[in-house]
Amino acid sequence: MLRLTRSRLSDGREILYFDTPDSPPRTATDERALPGVHTESTMRRDPLTGQWTLFAAHRQHRTFLPPAHEDPLAPTLPGGYPSEIPEADYQVVVFENRFPSLTLHGSQRGDGTAHPALGRCEVVCFTPEPQGSFADLPLERKRALIEVWAHRTEELSRIEGIRAVFPFENRGEEIGVTLSHPHGQIYSYPFVPPRMAAIAEQVRGKANLFDEVIEAELRARDRVILSTPGFLVYTPVAAKWPVEIMVMPRRPVPDFPALSAAEREELAGILHGLFPAVDRFFEGVERTPYIAAWNQAPVGQPEAGRLHLQLFSLMRSPHRMKYLAGSESGMGAWINDTTPEVIAERMRQVWR
């Protein structure tokens, strides 16, 4: 059980500390005297595809690969650099992004073409340590983060107008990471994003879609990486990326809050093995760049999705990246340079 402490940064953004019950109280205040937060984000619908595009021009000036002594996600030590986190130490911290793609701190009015992109973007700091990533966290911290994702999903889903909650982690400068401190993010959208919408549409055509997927992978066997009582770890049959792994619960679980205590324990153990294995995937590569995307059902539609992790890398061979060129970027028609069976076989080799 984690203890939650809520506070505010000097510009009005919310910050939440998640700690074990025996931790010291969190009482530090933000002394930076930042101006009140007011950010404008808008969205426009493409008339040809019906999909939404977000516009957040203020992000052009967001923090970019700062020097180590100006790490904005580090604890604020006495006499040191005043970061986003006023405390001198922490376990897991969540706060509203200073440069959000979606915001509740802007205008509530549109102009007929552009609509306000009302949502909330949060930063999730995994550890006060400046180096490392999710793979390096102890098992109990990974377990705590599952609790944090469940808490934030439940709370963000209650915001009026929010239709999707998406926890994720980007790792590696190769894919555009601008802060090296171990952290993830959570976006809450006022629309159902394309991948989530596509899954919901498939579910409408097949009531037992996820069970059928799991059964098909178990029959095929050659794409299965790990099978446990509550979860299946596998490479999807139509994998788009050079490295792509799914972690899916066997029973209908729409989101993090719906996981039982036993499933959360089991999932933490799976992640404790999975992320280090991904780092061993390529010989000569110490840290594989990746995106860890936690898919959940749309808000208020638990039957339209199932919680699952899609962990993928854009690296196609050691130190060489896959670029989304004409077919992928222009038409959305993917071409993979390997096969799902090869990916799964390599993952089985490097899993310990």
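## Cysteines

C125 is buried, at 0% relative accessibility. C121 is buried too, at 2%. Buried means under 20% relative accessible area, exposed means over 50%, and partly exposed lies in between, with a 1.4 Å probe and protein chains only.

This is a predicted model: local features need pLDDT of at least 70, side-chain atom pairs count only at pLDDT 80 or more, and totals for chains, interfaces and linings use all residues. Residues are numbered from 1 along each chain as its sequence is written, and side-chain values use heavy atoms, with hydrogens and water left out.

A disulfide is a covalent bond between the sulfur atoms of two cysteines. Here the term covers a pair of cysteine sulfur atoms within 2.5 Å. Searching the whole structure gives zero disulfides. C121 takes part in none, and its nearest cysteine sulfur, that of C125, is 15 Å away. C125 is likewise in no disulfide, with the sulfur of C121 as its nearest, 15 Å away.

## The eleven-strand sheet

An open sheet holds eleven strands in antiparallel pairing. Their order is β1-β2-β5-β7-β9-β8-β13-β14-β12-β11-β10. Strands (E, at least two residues) and helices (H or I, at least four) are DSSP runs, numbered from the N terminus. Two strands pair if DSSP finds at least two bridges between them.

The edges are β1 (3–8) and β10 (224–227), and each pairs on one side only. From one strand to the next, the twist averages 15°. Such angles run from 0 to 180 degrees between N-to-C directions, with axes as lines fitted to C-alpha atoms, for helices over the stretch in contact.

Within this order, β12 (residues 243–249) and β14 (residues 308–313) pair in the antiparallel sense over five bridges. V247 stands opposite L309 in β14.

## The three-strand sheet

Another open sheet has three strands, ordered β4-β3-β6 with antiparallel pairing. β4 (52–55) and β6 (115–116) are its edges; each has a single partner strand, so one side of each is left without a neighbour in the sheet.

β3 and β6 run antiparallel and are joined by two bridges. T42 has P116 as its bridge partner in β6.

## Positive phi in loops

Most residues other than glycine have a negative phi, and most peptide bonds are trans. A33 has a positive phi, near 55°, and is not glycine. A33 sits in the loop between β2 (14–19) and β3 (42–45). Its relative accessible area is 66%, so A33 counts as exposed.

H319 also has a positive phi, near 65°. H319 lies in the loop between β15 (315–317) and β16 (320–321). With 59% relative accessibility, H319 is exposed.

## Cavities

Rolling a probe the size of a water molecule over the atoms shows where empty space is left. The search of the whole structure finds three cavities of 30 Å³ or more. On a 1 Å grid over the protein atoms alone, a cavity is a set of points where a 1.4 Å probe fits but cannot get out; lining residues have an atom within 4 Å of a point. Grid points are joined across faces, edges and corners, and a volume is the space filled by probe spheres set on the points.

The largest cavity contains about 70 Å³ of space. It is lined by 13 residues, and the closest to its centre are E96, N97, P100, T103 and H105. The lining divides into five nonpolar, five polar and three charged residues. Nonpolar covers Ala, Val, Leu, Ile, Met, Phe, Trp, Tyr, Cys and Pro; charged covers Asp, Glu, Lys and Arg; the others, Gly among them, are polar.

Conventions. 1 Å grid on protein atoms, 1.4 Å probe; cavity = no way out; pocket = protein on both sides within 12 Å on 5 of 7 lines; lining within 4 Å.
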